[in-house]
Structure formats: structure tokens, C-alpha cells
Number of protein chains: 2
Amino acid sequence: MGDEQTNNQVLIRELPTAELTVDAFELATGPVPEPADGEVLCRTLLLSIDAANRAWMQGATYRGALSAGQVMDGFTLARVEDSKADGISVGDIVECQNGWQDLAVHPARAVSRVELRGELSHHLSVLGVSGLTAYHGLLGVGRPVARQTVVTSAAAGAAGNVAAQIARIVGCRSVGVAGTDEKCRMLVDDLGLDAAINHRSPEFRTELKAACPDGIDVYFDNTGGDILEAALFRMNQGGTIVCCGVVSQYDTSSPAPGPRGVPGLLVTKRLRMEGFIVMDFADGHGAAIEELAGWIDSGELRVLEDPYDGLESAPEALVDLLAGGNVGKRFVRVAS
Amino acid sequence: MGDEQTNNQVLIRELPTAELTVDAFELATGPVPEPADGEVLCRTLLLSIDAANRAWMQGATYRGALSAGQVMDGFTLARVEDSKADGISVGDIVECQNGWQDLAVHPARAVSRVELRGELSHHLSVLGVSGLTAYHGLLGVGRPVARQTVVTSAAAGAAGNVAAQIARIVGCRSVGVAGTDEKCRMLVDDLGLDAAINHRSPEFRTELKAACPDGIDVYFDNTGGDILEAALFRMNQGGTIVCCGVVSQYDTSSPAPGPRGVPGLLVTKRLRMEGFIVMDFADGHGAAIEELAGWIDSGELRVLEDPYDGLESAPEALVDLLAGGNVGKRFVRVAS
């Protein structure tokens with residue numbers, strides 16, 4: 001049991017005021033917590049790395065803000081090592097928010113058991129929050145009709161790649177926007193998108209127009225900023241903008257002005273622009289996971305994952321993600 | 001018939017590149033058009049003055065753009081003077097788009113007969129496009145629930161005053177935003193709003209917060225710009241922003257950046273922001289007019305009108321409207 005008595009952690013050394021660097025974090029070793037009645041002790045297996053982690057360091061969003069000295073927070077897939085809760089057994093695999101550390105205790109209601117379907121990591125990517133975000137955001141909020149044009153930004157990202165693939169699967173013209181030519185090639189060649197455009201191209205707006213000859217009906221926005229503005233000007237009447245994330249804004253301390261055309265183009269084009277959080281669709285998660293798993297099994301949906309190894313790599317994994325380095329779902333393998 | 005042979009007109013002398021002035025227009029006299037088969041000749045009685053008129057001078061919106069040398073366009077209530085169309089008789093009162101002139105011909109499908117209920121002008125204000133815009137925008141797009149807080153900008157304006165009154169009638173806390181203290185007093189004292197705030201106050205954001213102690217559930221936006229930004233930061237989770245107009249942007253040649261918080265706050269607060277055009281709700285106009293007329297009859301809804309006299313006053317009526325000079329629905333009495 002020697003090893004289990006150590007709880008490796010990554011703490012927030014200092015909250016970032018501008019671009020996040022690895023210096024914002026420091027390694028530490030903490031005590032191994034003891035579960036009280038009704039609680040479970042969970043060992044982190046896979047740690048999810050999400051752009052939203054950066055937003056948590058900015059102040060209150062849809063959850064409380066983080067502060068210096070705390071263990072960095074994060075979603076995890078974990079194995080139950082000790083249980084004083086009914087219905088949860090040692091060895092169960094659970095989703096929980098262990099944060100950036102080996103071990104944490106939670107009340108039973110704060111963990112949810114995972115019924116494994118295929119590989120564990122799929123429950124962080126396509127069958128986890130990223131895939132569910134894409135599924136509910138595109139189909140529940142965007143609601144594209146077959147043969148319409150769907151554009152997805154950060155289309156090589158964790159949620160973006162799934163949204164762009166679902167758009168193709170349900171019969172839409174699926175156009176991706178990504179930050180390198182290599183990602184764009186991958187989106188077309190490997191994921192079967194109809195077109196992909198590099199938003200760093202000086203001809204980006206012209207290329208977006210050419211890739212969407214019939215305009216844009218649904219824009220799945222993971223970025224905000226200039227890409228959102230470019231899409232706004234190409235939207236068709238009655239179109240929908242799904243506001244899923246704001247990668248362009250997470251890594252700053254104050255939000256930039258919004259895109260031109262808000263609200264003018266929303267009026268003249270009768271656009272709907274709607275934000276959502278995946279938790280809002282919790283009732284639909286079971287059915288969504290079934291459909292997503294079916295698409296994986298049939299080969300229609302390709303699982304795109306981008307793992308790092310070792311808890312100590314988490315800071316670099318996040319900083320690199322914010323710089324656009326990831327291809328698909330990024331996570332850290334902490335234990336097996 | 002001597003008088004009827006003259007067609008007084010206001011032409012666009014020069015399209016504005018910045019703030020609109022009366023110099024953009026010039027008076028002229030045109031020929032009296034002859035209706036062909038299937039057409040009607042209509043005499044302008046009341047000319048509607050709308051902020052949207054200014055937008056038409058900026059380029060294509062949801063209709064074609066205007067150009068120099070043309071008769072300025074505008075919605076009108078008119079009387080049929082000559083008819084070569086089945087089902088439309090001389091003396092009928094119709095809605096049409098005569099523009100800023102005494103007389104125009106239209107194909108029968110471009111006019112719609114008005115069944116008079118009370119005063120003619122009500123069919124331009126509460127029972128016309130302004131009232132229908134408020135009704136469908138608030139109830140059809142905003143869909144507030146009783147006891148929620150509704151904020152309306154340009155609340156002393158043609159659509160805004162009706163939206164703010166409907167919010168009160170359906171049981172919401174109704175808060176108006178206007179541009180002078182005098183308008184604010186009128187909104188509370190005469191129209192029965194729960195509160196009204198002057199957006200020119202240096203303490204505007206603090207006063208908005210104080211007027212909405214439970215946050216904002218539905219924001220009916222007629223302005224865009226800083227007021228929209230202030231409202232965004234006070235919206236409750238799951239709230240709705242109805243994008244009805246962009247008064248802050250009509251009188252410029254290029255759109256300003258959008259409000260901070262788009263799309264970040266849309267995501268974290270799960271907001272819906274949706275534009276609409278009143279024509280989209282044409283199927284519901286009959287029922288809406290019945291309900292609005294009932295509220296007028298019962299005294300619950302006060303009709304707020306701001307008329308000018310004489311076609312030649314139209315340029316000043318529009319320029320003053322864009323400067324926020326109107327209280328309620330502005331129009332020009334051209335003939336009786």
C-alpha cells in the first residue's frame with residue numbers, strides 16, 4: 001500500500017493575468033484523504049484537459065472560480081479505491097472531478113458510475129463530455145436539416161471534430177475551420193469533411209465563402225472572435241449559431257469586443273444565437289451515448305484522441321491546448 | 001381634380017455617409033402615375049417614420065437598398081383613388097409602401113386593405129407594424145413568464161413602448177430604458193412601468209442593476225451597442241435577448257464592434273439571442289390585432305403617438321427620430 005499513501009498534485013501557484021504558462025502551476029504532494037460515511041476515495045486514471053479549465057481561472061463562470069494555492073481542478077475518469085457509500089464498490093470506474101491529483105474523496109452523489117463500452121478513453125472523448133457537447137449542441141441546439149451547410153470552428157478540437165463528423169453523418173455539407181493546413185488536410189482526408197479552411201490564411205473570408213457556396217445554415221462556434229464574425233456575415237436567413245465555447249477569449253483577463261454584426265445581422269437575417277452547457281441536456285445523455293457508440297462501431301465516426309502521459313505533464317498539456325496544439329480530445333494518462 | 005394632378009415628393013438627393021441630415025433630401029414634383037390593369041392608385045394619408053428607413057439608405061438589408069435620385073421609401077396608410085383591380089374599390093383604406101410622396105400605383109397584391117378599428121393612426125402605431133413588432137417580438141420570440149423581469153430599450157419608442165406595456169400587462173416586472181429623464185418619468189407615471197432608467201446617466205449600469213434586483217430574464221433590444229452590453233452582463237441564466245432593432249447602428253456607414261460578452265456570456269449563461277422580422281409572424285397578425293385592440297379598449301394599453309404635419313416635414317421627422325426625439329410612434333399626416 002506504500003505507493004497509495006502518496007497523493008501527487010499540481011497546484012495553482014499563481015492565477016494568470018494574461019496568457020497562461022506552465023509557471024502558473026507547481027508540483028506538490030498532499031495527504032491521502034480518508035472517505036467519511038457516504039463518501040468514496042477515487043484514484044485518477046485519465047485527466048481531461050479542456051479549454052474551459054482556463055476559463056475557471058478567470059473568475060466565476062457557471063461554476064466557482066479557482067484561486068492560488070488550490071489543486072487545479074479538472075474532470076477525471078477514476079477508479080474507486082475505498083468506499084463508504086452504498087451502491088459504489090471498490091474497483092468501480094466513475095466520472096468525477098478529482099482535479100489534477102492522484103486521489104480525492106467525494107460524496108457519492110458527486111461521482112457517476114461509467115458503464116464501459118470499449119476503451120476507457122472513449123468515455124472522455126466521443127462518449128464523454130466532448131462528444132456529448134458536440135451531439136447535443138449540434139442536434140439539440142443547432143438542429144440542422146439534411147443538405148444544409150454546417151460550419152464548425154476548432155473543428156480539429158475535442159468537441160469540434162465530433163460535431164463536424166455528426167454534421168456529415170446526418171447528411172449536411174460539413175465544413176471545418178482549423179488553425180493549421182495539416183489539421184485541415186486531416187479533417188478532409190481522415191474525417192471525411194466536405195471542406196476545411198485554415199483561419200490563419202490571409203484569404204480566410206474568401207475561402208470560407210468558396211467552401212459554403214450556398215451560405216451557412218448552422219455555425220457551431222467554439223472560438224468566438226474573428227471566425228465568429230466571418231461566419232456571421234455568411235449566415236443564411238433563419239440560420240442558427242450554436243455558442244459552444246470561446247477559445248479565442250479564454251486566455252485573456254478581459255473579454256474583447258464582440259463581433260461586428262451583433263445585433264444588426266441577427267435582426268436582418270433573423271438569426272438565432274444560443275449558448276448551452278452540456279449538463280442542460282443530462283436527460284438525453286443515455287440515448288446520445290448509444291447513438292455515438294453505434295457510429296463508432298459502424299466506422300462512421302472516427303475517435304480522435306491526443307493523450308499525454310503522467311500527471312506532471314498536465315500544465316504543458318493545457319498550455320499547448322490553448323495554443324491550438326491538440327488534435328482531437330486531449331487528456332493525461334495518470335494511472336492505469 | 002386640379003390638386004390631384006400634382007404629386008409632391010421627397011427625393012433622396014444624396015445618400016448619407018455618416019449622420020443623416022435634412023440635406024440628404026430634396027422636394028420635387030412628379031407626374032401622377034396611371035394605374036394599369038390589376039393596379040391601384042393610392043393617396044398617402046399617413047406616412048410612417050421609422051428608424052429602419054435610415055437602414056435602407058445603408059445598403060441591402062432584408063430589402064433592396066435605396067439610391068440617390070429615388071423617391072424616399074416609406075410605409076404608408078393610403079386611400080385608393082383609382083382602381084383597375086378586382087376587389088379593391090375607390091375609397092378603400094390600404095397599407096402600402098407609397099414612399100415619401102402623395103401618390104403611387106401598386107399591383108393589387110402589394111396593398112392590403114385595412115379594416116378600421118377606431119382611429120386611422122392606430123393602424124400605424126399599436127395596431128400596425130410597430131405594435132405587431134412589439135407583440136410578436138416579446139410574446140413570440142422573448143416568451144417571458146409571468147413575474148419575470150423584462151427590460152426594453154428605446155422604451156419610449158414606437159415598438160418599445162408597446163413591448164414594455166405588454167410586459168406589464170402579462171404580469172412581468174417591466175423596466176424601460178430611454179434617453180431622457182422626461183421620457184423615463186412618462187414611462188413610469190403614464191405607462192405604468194415598474195421602473196425606467198436613462199441610459200445617458202453616468203450611473204446607468206448601477207441603476208439598471210438596482211432596477212432589476214432579480215436580474216433580467218428577457219431583454220427586448222431596440223438599440224444594440226452599450227445598452228445591449230449592459231443588459232448582457234445582467235441577464236439571468238437561460239434568459240432571452242430579443243433582437244428587434246439596432247438604433248445605435250443605423251446612423252453610421254460601418255457597424256461598430258459588437259458588445260463584450262458575445263459569445264462568452266451566451267455560453268456561460270445559456271442565453272438565446274434571436275432576431276426576427278415582423279413579416280415572419282404574418283399568420284398571427286389577425287389574432288395579435290384583436291388582442292392589442294382589446295387592451296386599448298380596456299385602457300390597459302395606452303396609445304403613444306408623435307405626429308408631424310405635411311409631407312415636407314418628413315426629413316426633419318426622420319432626422320429628429322434618429323436623434324431620439326420621438327415619444328411613441330412617429331408619423332407624418334400627409335392628407336386627410
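This is a predicted model: local features need pLDDT of at least 70, side-chain atom pairs count only at pLDDT 80 or more; totals for chains, interfaces and linings use all residues.
B:Arg147 is exposed, with 11 other C-beta atoms within 10 Å. Residues are numbered from 1 along each chain as its sequence is written, chains are lettered from A and ligands numbered from 1 in the order in which they are written.

B:Arg147 sits in the loop between helix H2 (129–142) and E8 of chain B. Helices (H or I, at least four residues) and strands (E, at least two) are DSSP runs, numbered from the N terminus. Phi of B:Arg147 is near 80°, a positive value in a residue other than glycine. Most residues other than glycine have a negative phi, and most peptide bonds are trans. B:Arg270 also has a positive phi, of about 50°, although it is not a glycine. Its place is the loop between H8 and E13 of chain B. Is B:Arg270 buried or exposed? B:Arg270 is buried, with 21 other C-beta atoms within 10 Å.

Cis peptide bonds come next. The bond from A:Val262 to A:Pro263 is cis, with omega near 5°. A:Pro263 belongs to the loop between helix H7 (247–250) and H8 of chain A. In chain B, the bond from B:Val262 to B:Pro263 is cis, with omega near 5°. B:Pro263 lies in the loop between helix H7 (247–250) and helix H8 (264–268) of chain B.

Now take the sheet. It is open and has 12 strands, in the order E10(A)-E9(A)-E8(A)-E11(A)-E12(A)-E13(A)-E13(B)-E12(B)-E11(B)-E8(B)-E9(B)-E10(B). The pairing is mixed. Two strands pair if DSSP finds at least two bridges between them. At the edges are strand E10 (195–198) of chain A and strand E10 (195–198) of chain B, each pairing on one side only. Neighbouring strands are turned by 15° against each other on average, direction ignored. Axes are lines fitted to C-alpha atoms, for helices over the stretch in contact, and angles run from 0 to 180 degrees between N-to-C directions.

Where do the chains meet in this sheet? Three bridges join E13(A) to strand E13 (residues 272–275) of chain B, and these strands run antiparallel. A:Met273 has B:Met273 as its bridge partner in E13(B). Further out, four bridges join strand E9 (residues 173–178) of chain B to E10(B), and the two run parallel. There, B:Gly176 has B:Ala196 as its bridge partner. Helix H3 (residues 158–169) of chain B packs on the sheet and touches strand E8 (149–152), E9 and strand E11 (216–221) of chain B. Its direction makes about 170° with that of E8(B).

In chain A, helix H2 (residues 129–142) lies across strand E11 (216–221), strand E12 (235–243) and strand E13 (272–275), running at about 140° to E12(A). Of the 14 residues of H2(A), 12 are buried, so the helix is largely enclosed by the rest of the structure. Among them are A:Leu132, A:Tyr135 and A:His136. The buried residues pack against helix H3 (158–169), E11, E12, E13, helix H9 (285–298) and E15 of chain A. Two residues are in contact if their C-beta atoms, placed from the backbone, lie within 7 Å. Just after H2(A), A:Arg143 takes a positive phi of about 50°.

Chain A is assigned domain 1 (3–124 + 304–333) and domain 2 (129–279). These bounds come from an automatic or database domain assignment. The C-alpha centres of the two domains lie 28 Å apart. Their contact takes 18 residues from domain 1 and 16 residues from domain 2 of chain A. H1(A) gives the most to the domain 1 side, with three residues.

Finally, the chain pair. In all, 32 residues of chain A are in contact with 32 residues of chain B. A rotation of 180° with 0.0 Å of shift along its axis superposes chain A on chain B (RMSD 0.0 Å). The two copies are thus related as by a two-fold rotation axis. The superposition is by least squares on the C-alpha atoms of residues with pLDDT of at least 70 in both copies. A:Gly258 comes closest to the axis of the residues of chain A, at 2.0 Å (C-alpha).

Terms used:
A residue is buried if 20 or more other C-beta atoms lie within 10 Å of its own, exposed if 12 or fewer, and partly exposed in between; C-beta atoms are placed from the backbone.
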